[in-house]
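This report describes one protein chain for a reader who has not seen it before.

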Amino acid sequence: NEAVSGQHDFAGLNLAAGVYQVLLQSVRQGESESLAGDFFTVVDGIAPSVSILSPVDGSILHDAFELSVTAVDDGAGVERVEYRKDDGSWLPMPLVDPLRGRYGARWLPVETDEGLHTVGFRARDLAGNQSLPVAAAIEIRPRVVMTASTDKASCGMNEDVVVRIDLENAAWQKHVRLETEIETPDGVVVA
């Protein structure tokens, strides 16, 4: 009797997460006999994948807008998705479409939100793997609509013309300074 030792490499099996059993068996004259066995566990070591649906990177936004991502995890499954504004705290993002793995929230900007922002998103799976944050840079600006009209299409020299300017600020209260000029069709400023 001689002792034999060795190893067998099972590389490339691409096993899913779970518990597996390895058995060493001897087959003699068509009869199999179990000589040894052991269990091993394959764990999910891959974080979920997060894709931003909204807002689009570089967007200029005026009113309430949706924050929307998909989060997919082929291993243990997505446990949670979170978002944050700039360097703020991470906030939970509810699952809104389970079939597509879509998560969503809504941002209703207020006056103090005006300016440049970064919205970050991340996901964690049930095995504890957390994705690296993905982000979109946005700018929030108030929506201002301005129209101008005159009381007549043409006028004589030294004749009064009434110019009506309507300003609608659809977002929040802002002070607007208006400067008016009158120019010829050739672009020469006359007043």
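Strands β6 and β7 (residues 91–92) pair in the antiparallel sense over two bridges. Strands here are DSSP runs of E of at least two residues, numbered from the N terminus, and two strands pair if DSSP finds at least two bridges between them. The bridge partner of Glu82 in β7 is Pro92. Five residues lie between the strands of this hairpin, where Asp86 takes a positive phi near 55°.

Strand β6 (residues 78–85) is also joined to β10 (residues 115–125), by seven bridges, and these two run antiparallel. Val81 stands opposite Ala123 in β10.

The model is predicted, so local features need pLDDT of at least 70 and side-chain atom pairs pLDDT 80 or more, while totals for chains, interfaces and linings use all residues. Residues are numbered from 1 along each chain as its sequence is written, and side-chain values use heavy atoms, leaving out hydrogens and water.

The chain holds 13 strands and zero helices. Its radius of gyration, taken over C-alpha atoms, is 33 Å, well over the 16 Å that the globule rule (2.2 Å times the number of residues to the power 0.38) gives for 191 residues, so the chain is more spread out than a compact globule. Its C-alpha atoms fill a box of roughly 125 × 35 × 30 Å along the principal axes.

| Set | Side chains |

Definitions and conventions: Helices (H or I, at least four residues) and strands (E, at least two) are DSSP runs, numbered from the N terminus.
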